[in-house]
Amino acid sequence: MGREEIMEDAIRELTELALQERRETADESEQELFNTVVELSAKVKRVLDQLPEEERILLTDYLEKKELIADHDCRHLYMQGVKDCVKLLKTLGVM
């Protein structure tokens, strides 16, 4: 396993851990939002199941790709935050 893969795995694990902690410590309004999304997800699945196969595949593909882009955006922002933090620490003379 190369450095790049190790970094990707570490970022993925740290991101998942941070999101899990965030959800566990979310305030009431965020918990309500998470619960609403779970309910909506079940409803969307039922709607998708009623669509003709071609339309279901199209919408499912769209939703999966959109979620994948959001995941990539999160990883990019995480790495940018790490870089910004290091840059700030260097500017402050800590590093």
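**Figure 1. Confidence of the predicted model.** The model is predicted, with a mean pLDDT of 92 for the protein. A pLDDT of 70 or more is reached by 100% of the residues. Among the elements of the protein, helix H2 (residues 28–50) has the highest mean pLDDT, 94, and H1 the lowest, 89.

**Figure 2. Helix H3 and the residue that follows.** Helix H3 comprises 39 residues, 53–91. At 1.5 Å a residue, this helix should span 57 Å. After H3 comes Gly 93, with a positive phi near 80°.

**Figure 3. Crossing of helices H1 and H3.** The axes of H1 (residues 3–24) and H3 come within 11 Å and cross at roughly 100°. Because angles of 65 to 115 degrees count as roughly perpendicular, H1 is roughly perpendicular to H3. On the H1 side, the contact is made by Met 7, Glu 8, Ile 11, Arg 12, Leu 14 and Thr 15; on the H3 side, Arg 75, Tyr 78 and Met 79 take part. By class, the residues of this contact are five nonpolar, three charged and one polar.

Figure 4. Tyr 78 is located in helix H3. Asp 27 is 51 residues from Tyr 78 along the chain, and the C-alpha atoms of the two residues are separated by 23 Å.

**Figure 5. Packing of helices H2 and H3.** The axes of H2 and H3 are 8 Å apart, and the helices pack at an angle of about 145°. Val 44, Leu 48 and Asp 49 of H2 meet Arg 56, Leu 59, Thr 60 and Leu 63 of H3. The contact of H2 with H3 contains four nonpolar, two charged and one polar residues.

Conventions:
Residues are numbered from 1 along each chain as its sequence is written. This is a predicted model: local features need pLDDT of at least 70, side-chain atom pairs count only at pLDDT 80 or more; totals for chains, interfaces and linings use all residues. Side-chain values use heavy atoms; hydrogens and water are left out. Helices (H or I, at least four residues) and strands (E, at least two) are DSSP runs, numbered from the N terminus. The expected span of a helix is 1.5 Å times one less than its number of residues. Axes are lines fitted to C-alpha atoms, for helices over the stretch in contact, and angles run from 0 to 180 degrees between N-to-C directions. Angles under 35 degrees count as roughly parallel, over 145 as roughly antiparallel, 65 to 115 as roughly perpendicular and the rest as oblique. Contact means heavy atoms within 4.5 Å. Ala, Val, Leu, Ile, Met, Phe, Trp, Tyr, Cys and Pro count as nonpolar, Asp, Glu, Lys and Arg as charged, and the others, Gly among them, as polar. pLDDT is the predictor's confidence in each residue, from 0 to 100.
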